Amino acid sequence: MRNPRTIAPTRRSLLTVGGALGLGALLTACGGGSSDSGSADDAPGGGKGGAWSFKDDRGQTVKRDHTPKRIVAFTGTAAALHDFGVECVGVFGPTKLKDGKPDPQAGELDVDKLTVLGNAWGEFNIERYAGLRPDLLVSNMFEPEALWYVPEESKKKILGLAPSVGLTAARVSMLEPIKRYAALAESLGADLKAKKVTEAKARFEAAAETLRKAAKANPVKVMAASGSADLFYVSNPAVNADLMYFRELGVDFVVPEKLDQGGYFESLSWENADKYQADLVLLDSRTSALQPKDLAAKPTWEKLPAVKAGQVSPWLSEPRFSYAGCAPLLEALASAIEKAKKTS
């Protein structure tokens, strides 16, 4: 499993699934991942009739005798599929905020119409998942073979209910996951020539060019980072898919020297949080990470040149891999770079 960066240990709640006998009955009724899970016409998904197969980024070819329509996915994955025209029946991962509004990772999903199997790290209601009669489970992979937000301790039961597709979300530039999500969506029946999709792609391409020009015209030093109560994480632009792409477009990133296991970041104690200097800080905006108001009491945070200059920009460090999901990220970064001033 990916080094969770800012998912604090307190958020690693243990999987709790009530009703073991009920779960067993549902597992039996569903018959595991090799059988049909309901009619191909009884739920949204956009699929066509006939046999279906897709080779995922684990090198595994998933086959069904019909195009999956009862799809369950990690929230950000479901949001990306939605952008391409494929709907899911259930999600797991950050979906709703405490006030009931959609989590940023939910994108344009109507979260009130989805079955939420878990909203935090370690949560996955297997009994509810079985009740959905899933055709397919889809998630990102930040490490080979590890499906994001599928708990390791219950993975065998979960993956026994339906076939799964894993798509690589790290160590490749952001364009690659977007293309892979597009390919998966098309296999599930999405029309990639639909106006919504082509307009989003055009916006993405325009935003990429805007960022390229901004980075060239104003070559400021940028640091992508995340904050927790005890540690300040400086992210590695050679591993994170979005940062890799931004870097290809000319953005000059701080590159941490002493990477933690997994290579995603260097974790610094708050006493040493000023190890790297930058003109602009991209701060992890996920709900699991501390925000500027939370960090105001940290002396070293306030001493960072970019913070003193008011040059801190939100960074959704787990983008949804679609043109619609990533275009605003490019636009926001271009705008932040255009406005940033050198701090030294």
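Here are some numbered notes on this structure, which is a predicted model.

1. Let's start with helix α6, which runs over residues 195–217. The buried residues of α6 are V197, A200, F204, A207, A208, L211, A214 and A215. What do those buried residues pack against? Their partners are α2 (75–84), α5 (175–187), α7 (241–248) and α11 (323–339).

2. Helix α5 gets the same length check. Its 13 residues should span 18 Å at 1.5 Å a residue, and the end C-alpha atoms are 18 Å apart, which agrees. On α5, the buried set is P177, I178, R180, Y181, A182, L184 and A185. Note that an arginine, R180, is on that list. The buried residues of α5 pack against β1 (52–55), α2, β6, β8, α6 and α11. Next, strands β6 and β8. These two pair in the parallel sense over 5 bridges. Which residue of β8 is the bridge partner of L137? It is S164. Strand β8 covers residues 164–168, and 4 of its 5 residues are buried, which leaves the strand mostly covered.

3. Strand β13 (residues 280–284) is worth a look too. Here 5 of the 5 residues are buried, so β13 is largely enclosed by the rest of the structure. L280, L282 and D284 point one way from the strand, while V281 and L283 point the other way, and all are buried. An aspartate, D284, is among these buried residues.

4. What does β13 pair with? Strand β9 (residues 221–227) pairs with β13 in the parallel sense over 4 bridges, and V222 stands opposite L280 there. Strand β14 (residues 312–315) also pairs with β13 in the parallel sense, over 4 bridges. In that pairing, D284 stands opposite W315.

5. On to charges. Side chains of opposite charge can pair when their charged atoms come close. How many salt bridges does the structure hold? The count is 16. One of them joins R171 and E143, with N to O at 3.3 Å. R171 lies in the loop between β8 and α5, and E143 is in strand β6 (residues 136–143), so this pair ties together parts that are 28 residues apart in sequence. E143 is buried, with a relative accessible area of 18%, under the 20% cut-off. R171, at 39% relative accessibility, counts as partly exposed.

6. K155 pairs with E152, and their closest N and O atoms are 3.3 Å apart. K155 is partly exposed, at 27% relative accessibility. D294 and K293 also meet through their side chains, at 3.2 Å from N to O. Are these two residues buried, partly exposed or exposed? D294 is partly exposed at 34% relative accessibility, whereas K293 reaches 69% and counts as exposed. Elsewhere, salt bridges that share partners join E257, E266 and K275 into one network.

7. Which residues does A241 contact, leaving aside its neighbours within four places in sequence? They are A169, V172, S173, M174 and F321. The C-alpha atoms of A241 and T168 are separated by 9.4 Å, and the two residues lie 73 residues apart along the chain.

8. Last, the cysteines. How many disulfides turn up in a search of the whole structure? The search finds 0. C88 is buried, with a relative accessible area of 8%. C326 is also buried, at 0% relative accessibility.

Technical notes. Residues are numbered from 1 along each chain as its sequence is written. This is a predicted model: local features need pLDDT of at least 70, side-chain atom pairs count only at pLDDT 80 or more; totals for chains, interfaces and linings use all residues. Side-chain values use heavy atoms; hydrogens and water are left out. The expected span of a helix is 1.5 Å times one less than its number of residues. Buried means under 20% relative accessible area, exposed over 50%, partly exposed in between (1.4 Å probe, protein chains only). Contact means heavy atoms within 4.5 Å. A salt bridge is a side-chain nitrogen of Lys or Arg within 4 Å of a carboxyl oxygen of Asp or Glu. A disulfide is a pair of cysteine sulfur atoms within 2.5 Å. Two strands pair if DSSP finds at least two bridges between them.
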